[in-house]
Amino acid sequence: MTKAPEHLRTPHTSEAIVADLMMPHHANGLKHPSVFGGVIMSMVDRCAALSAMRHCGGQVTTLSIDRILFKEPIRVGELVEVRARVVHVGRTSIAVLADVYAEHIARAVRRHTNECWLTFVHLGDDGKPAPVPRLHLETDEDRLRNAVAVRRREQALAERQ
Ligand SMILES: CC(C)(COP(=O)(O)OP(=O)(O)OC[C@H]1O[C@@H](n2cnc3c(N)ncnc32)[C@H](O)[C@@H]1OP(=O)(O)O)[C@@H](O)C(=O)NCCC(=O)NCCS
């Protein structure tokens, strides 16, 4: 793999990480409590926004958060880590893929619990959508995710009202 020159923005250079230890105040009200889904959604939105901001070097607003599938519960006492990177850019929009991992530190067990696709719009100083730098794809994985993002965007635009 040839490494991209410094000035090129790649999925790798946009990577952002948000991590937090799940505490009792993060729990839902179930009989056997797990972490409240909204806590994870907030972490995903923040982490993905950081990634989009890193790419465009400015402010962004969340346009969409696509389906978040909660495959398995996350428990109080686990470390939650969200990793996000830019996978596609349009003229003013930035698509980000976020992965959520939960880690039981004492057992040294880490699992992938969620995946989420988000779209942000870069806003200029006037608060209006502004152009974003192009995204340089480095790896086959970058290209694969980019192709998926293109399909998702086409579908979203077709459904736009
Ligand atoms: C995000 C927002 C500024 C976009 O405004 P807009 O009038 O749709 O702007 P535009 O038509 O110029 O579209 C901006 C980009 O969003 C994309 N877009 C807009 N609606 C879309 C939709 N339904 N699906 C997919 N993409 C969409 C456009 O294609 C464009 O991307 P591109 O330049 O890469 O092609 C506006 O919808 C907004 O302010 N929403 C509220 C955001 C918010 O409050 N978020 C939560 C707090 S952060």
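The model is predicted: local features need pLDDT of at least 70, side-chain atom pairs count only at pLDDT 80 or more, and totals for chains, interfaces and linings use all residues. Residues are numbered from 1 along each chain as its sequence is written.

The protein chain contains two helices and five strands, where helices (H or I, at least four residues) and strands (E, at least two) are DSSP runs numbered from the N terminus. Read from the N terminus, these elements follow the order β-α-β-β-β-β-α. The C-alpha trace spans about 50 × 40 × 30 Å along its principal axes. For 161 residues, a compact globule would have a radius of gyration near 15 Å, and the 17 Å of the protein chain agrees with this; the radius is taken over C-alpha atoms, and the globule rule is 2.2 Å times the number of residues to the power 0.38. Two residues are in contact if their C-beta atoms, placed from the backbone, lie within 7 Å. Among contacts with a separation of 6 or more in the protein chain, 72% join residues 24 or more positions apart.

Of the 161 residues, 30% count as buried. A residue is buried if 20 or more other C-beta atoms, placed from the backbone, lie within 10 Å of its own, exposed if 12 or fewer, and partly exposed in between. In soluble globular proteins, nonpolar side chains tend to be buried together. Leaving aside residues up to four places away in sequence, I94 touches A52, H55, C56, V60, V86, V89, F120, H122 and V132.

The ligand is surrounded by 13 residues, the closest being G90, R91, T92, S93 and A156; a residue is near the ligand if its C-beta atom, placed from the backbone, lies within 6 Å of it. The elements that give two or more residues to this shell are β2 (59-65), β5 (109-123) and α2 (140-158), and β2 supplies the largest share, three residues.

One backbone feature remains. Most residues other than glycine have a negative phi. A108, in the loop between β4 and β5, has a positive phi near 55°. A108 is exposed because 7 other C-beta atoms lie within 10 Å.
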